[in-house]
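Please read them with the structure open beside you.

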Amino acid sequence: MVLRFALAALCLVATPLAAQSLTPEELRALVDERVNAQNPFAELLNDPDPARSLAAMEIMLESGDRDLTRMALEFGLLSTNPTVRRTAVEAFLKSKPVLSLRFDGAAANERYFTQRMTGANATITAERIGFWRMQVGDYNPERGCYMLASGKDCFVTVNSDGIILQNEGWMTGRVVPGATGALEGSATLYQVPEPVPLTVKLLD
């Protein structure tokens, strides 16, 4: 009797484990299903008609869907077409993201760079890499910029010269989309004699 209960209990434990296992064929079918589910969106982004491709990217970026937003943002930032890159950045900014600005102060004056990062409440590493986070606010059509979410000053301006980042009183920077999709350039910091490299990572 005891042996019978023990065998029954063993079967109950083993059954869920067996149900969770996948054969290579089943796994391959699930992978194909997931990849194929994204193909229609990829096809829309790669439409040979530039206008349709651009419209698909904008709609996906404004959809609020995390996966679609990432797919469209990656497509736009890595595009060789400057109009597509600019549109991707502007559509992304409309979502009012929190940007993380990375300042490389390794070659800058140590004292002044540290003072500037500390004064801006930025995080600074032992290698003198500063990280400053700030949220993008509403677009101001009169001033032609995206405002700081926490104030009345311009924060991001997108134009033919690139993407200008600023915080009145301590920082002005210019970046452009790089080969990896990150925004890359340099910044001038208040009281720091030399420009410092600036990077803003938009893709996870």
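**Notes on the predicted model**

1. Helix α3, residues 50-61, contains 12 residues and reaches 16 Å from its first C-alpha to its last, close to the expected 16 Å at 1.5 Å a residue; that expected span is 1.5 Å times one less than the number of residues. Helices here are DSSP runs of H or I with at least four residues, numbered from the N terminus.

2. Within α3, the buried residues are Ser53, Ala56, Met57, Met60 and Leu61, where buried means under 20% relative accessible area, exposed over 50% and partly exposed in between, with a 1.4 Å probe and protein chains only. Seen down the axis of α3, these buried residues fall within an arc of 125°, so they line one face of the helix; the arc is taken from the directions from the helix axis to the C-beta atoms. On the other side of α3, Ala51, Arg52 and Ile59 are exposed.

3. At the start of α3, a side-chain oxygen of Asp49 comes to within 3.0 Å of the backbone nitrogen of Ala51.

4. Arg116, which lies in helix α6 (residues 110-119), is buried, with a relative accessible area of 12%. The C-alpha atoms of Arg116 and Leu189 are separated by 7.2 Å, although the two are 73 residues apart along the chain.

5. On conventions, this is a predicted model in which local features need pLDDT of at least 70 and side-chain atom pairs count only at pLDDT 80 or more, whereas totals for chains, interfaces and linings use all residues. Residues are numbered from 1 along each chain as its sequence is written, and side-chain values use heavy atoms, with hydrogens and water left out.

Technical notes
Helices (H or I, at least four residues) and strands (E, at least two) are DSSP runs, numbered from the N terminus. A polar contact is a pair of N or O atoms within 3.5 Å; within protein, one must be able to donate a hydrogen and the other to accept it, and residues adjacent in sequence count only if both atoms are side-chain atoms.
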